[in-house]
Amino acid sequence: MSESDARLPALAIEAIGDALASGRRRLPAIDALPAELTMQAATFVTLEREGELLGCVGTLEATRALGVDVAQNALAAAFDDPRVPSVGLGDFSLMAVKVSVLSPLRPLAARSRAALVEELRPGLDGILVEAGRHRATFLPAVWPKVCDADDFVDELWRKAGLGPHAWPDGIRVFTYSTVDSIDEGPRDAPITP
């Protein structure tokens, strides 16, 4: 997807609302999706209420149909993110729902932390770092929450459990961009039986 698409947050909202109303998690049938939502894509779904994180879960590589990936990640963000409590009916009505569609991962040839910092495009690049059993990512949406590229890398390293300014043997770093679609809410609560 090259442009923001309001259907993506709507898919996320529908999946979460249906789960809250019925107590069951359902994914859309691929044959019921428009053709452009059946292409494989990697997505993240971020849920916030008044700027506070309610959940953020996603995939880094395209393995499912876009519409299914959005619904699956929305359900996981709402109910399975171990950092926060599950979303409730009060959250549902007021939460902002952001769907980020990721570009393919692009490996960086940076051979040092300084080279990585120099190569980053603030505000545009998301980063995935892998070093042995350490792995973490930051979406491009994190940039406004940090001071500069040094701070971005420091915080990502901390999230991955890497030492400050470490550059372990075999480290792999990838960048990606996102196209974001947002539904700020508010919305009606789902009707429960």
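This is a predicted model: local features need pLDDT of at least 70, side-chain atom pairs count only at pLDDT 80 or more; totals for chains, interfaces and linings use all residues.
Glu 130 stands opposite Arg 172 in E8. Strand E6, covering residues 126–131, and strand E8, covering residues 172–176, pair in the antiparallel sense over five bridges.

Stepping back, E6 and E8 belong to an open sheet of four strands, with the order E5-E8-E6-E7 and antiparallel pairing. Strand E5 (106–107) and strand E7 (134–138) sit at the edges, each pairing on one side only.

## The helix across the sheet

Which strands does helix H5 lie across? Helix H5, made of residues 149–160, lies across E6, E7 and E8, and it runs at about 140 degrees to E7.

## Around Asp 81

Now to a loop: Asp 81 lies between helix H2 (66–79) and helix H3 (89–94). Is Asp 81 buried or exposed? Its relative accessible area is 6%, and because buried means under 20%, Asp 81 counts as buried.

The side chain of Asp 81 is joined to that of Arg 83 by a polar contact of 2.6 Å. Setting aside neighbours within four places in sequence, Asp 81 is in contact with Gly 55, Cys 56, Val 57 and Ala 76.

Cys 56, one of the residues in contact with Asp 81, is buried at 19% relative accessibility. Cys 147, by contrast, is exposed, with a relative accessible area of 74%. If you are setting up cysteines, here is the tally: the structure holds zero disulfides.

Methods:
Residues are numbered from 1 along each chain as its sequence is written. Side-chain values use heavy atoms; hydrogens and water are left out. Helices (H or I, at least four residues) and strands (E, at least two) are DSSP runs, numbered from the N terminus. Buried means under 20% relative accessible area, exposed over 50%, partly exposed in between (1.4 Å probe, protein chains only). A polar contact is a pair of N or O atoms within 3.5 Å; within protein, one must be able to donate a hydrogen and the other to accept it, and residues adjacent in sequence count only if both atoms are side-chain atoms. Contact means heavy atoms within 4.5 Å. A disulfide is a pair of cysteine sulfur atoms within 2.5 Å. Two strands pair if DSSP finds at least two bridges between them. Axes are lines fitted to C-alpha atoms, for helices over the stretch in contact, and angles run from 0 to 180 degrees between N-to-C directions.
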